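Reader: Hi, I've got a model open and would like to go through it with you. Could we start with the charged pairs and then look at the pockets?

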Amino acid sequence: MIEQTIAHWHEIMASKDSDKLGEILADDVVFLSPVVFTPQHGKDITQLYLTGAMHTLSGSLKPDGTSFFHYTKKVLAGNQAVLEFETEIDGKYVNGVDIIECNDEGKIIEFRVMLRPLQAVNLVHQKMGEMLAQLKS
């Protein structure tokens with residue numbers, strides 16, 4: 001089941017069509033951010049955070065116009081996936097992991113993001129704050 005969900009996730013990331021996130025998120029999904037202390041509950045807030053992350057993490061472009069953001073490793077087992085990614089924001093290297101769990105219907109019930117190094121965490125926190133303010137207005 002997780003294979004189909006992750007394939008759909010990759011399509012959404014490639015198209016940057018955040019409206020399609022609703023197709024793969026369970027109503028009671030929990031989002032765990034590397035910069036927000038408490039878990040975020042529900043489809044709407046998770047979609048908002050993932051939309052912000054989609055634009056923030058893939059916003060920097062290489063000289064050839066392609067995104068620095070790319071997944072480097074993938075581990076799928078049962079209803080869980082661990083996806084490692086790399087990107088560059090404002091010239092700073094960002095390395096992270098998406099830990100995703102879906103239910104038996106293929107809907108994501110938990111999305112956890114971990115980031116490194118500390119400079120990247122601080123930069124993503126700042127950029128995500130700016131992006132979320134834009135998305136909410």
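Reader: Which residue forms a salt bridge with D90?

Author: That is K127, and the closest N and O atoms of the pair are 2.9 Å apart. By salt bridge I mean a side-chain nitrogen of Lys or Arg within 4 Å of a carboxyl oxygen of Asp or Glu. D90 sits in the loop between β4 and β5 and K127 in helix α3, so the pair ties together parts that are 37 residues apart in sequence. Helices (H or I, at least four residues) and strands (E, at least two) are DSSP runs, numbered from the N terminus.

Reader: Before we go on, what kind of model is this?

Author: This is a predicted model, where local features need pLDDT of at least 70 and side-chain atom pairs count only at pLDDT 80 or more, while totals for chains, interfaces and linings use all residues. Residues are numbered from 1 along each chain as its sequence is written, and side-chain values use heavy atoms, with hydrogens and water left out.

Reader: Thanks! How many salt bridges does a search of the whole structure find?

Author: Four. One of them joins K43 and D27, with the closest N and O atoms 3.5 Å apart. K43 lies in helix α2 and D27 in strand β1, so this pair links parts that are 16 residues apart in sequence.

Reader: And is D27 buried or exposed?

Author: Exposed, at 62% relative accessibility. K43 is partly exposed, with a relative accessible area of 22%. The cut-offs are under 20% relative accessible area for buried, over 50% for exposed, and partly exposed in between (1.4 Å probe, protein chains only).

Reader: Which side chain does E110 meet in a salt bridge?

Author: The side chain of R112, at 3.2 Å from N to O. E110 is partly exposed at 23%, and R112 is partly exposed at 30%.

Reader: New topic: what is the volume of the largest pocket?

Author: About 290 Å³. Of the 24 residues that line this pocket, F31, Y49, A53, V124 and M128 are the closest to its centre. On a 1 Å grid over the protein atoms alone, a pocket is an open set of points where a 1.4 Å probe fits, with protein on both sides within 12 Å along at least five of seven lines, and lining residues have an atom within 4 Å of a point. Grid points are joined across faces, edges and corners, and the volume is the space filled by probe spheres set on the points.

Reader: What is its lining like by class?

Author: The lining of the largest pocket has 20 nonpolar, three polar and one charged residues. Here Ala, Val, Leu, Ile, Met, Phe, Trp, Tyr, Cys and Pro count as nonpolar, Asp, Glu, Lys and Arg as charged, and the others, Gly among them, as polar. The elements α1 (2-15), α2 (43-57), β6 (108-116) and α3 (118-136) each supply at least two residues of that lining.

Reader: And which residues line the second largest pocket?

Author: H10, M13, A14, K16, S58, S67, F69, H70 and Y71. The second largest pocket holds about 160 Å³ of space, and α1 gives the most to its lining, with three residues. By class, this lining has four nonpolar, four polar and one charged residues.

Reader: Speaking of peptide bonds, which residues does a cis peptide bond join?

Author: R116 and P117, with omega about -20°. P117 lies in the loop between β6 and α3.

Reader: Last one: which residues touch the most other members in the largest nonpolar core?

Author: W9, L57, F85, V94 and F111, out of 35 residues in that core. A nonpolar core is a set of buried Ala, Val, Leu, Ile, Met, Phe, Trp, Tyr and Cys residues joined through side-chain atoms within 4.5 Å. Leaving aside neighbours within four places in sequence, V94 has contacts (heavy atoms within 4.5 Å) with residues including L57, F85, L115, A120 and V124.
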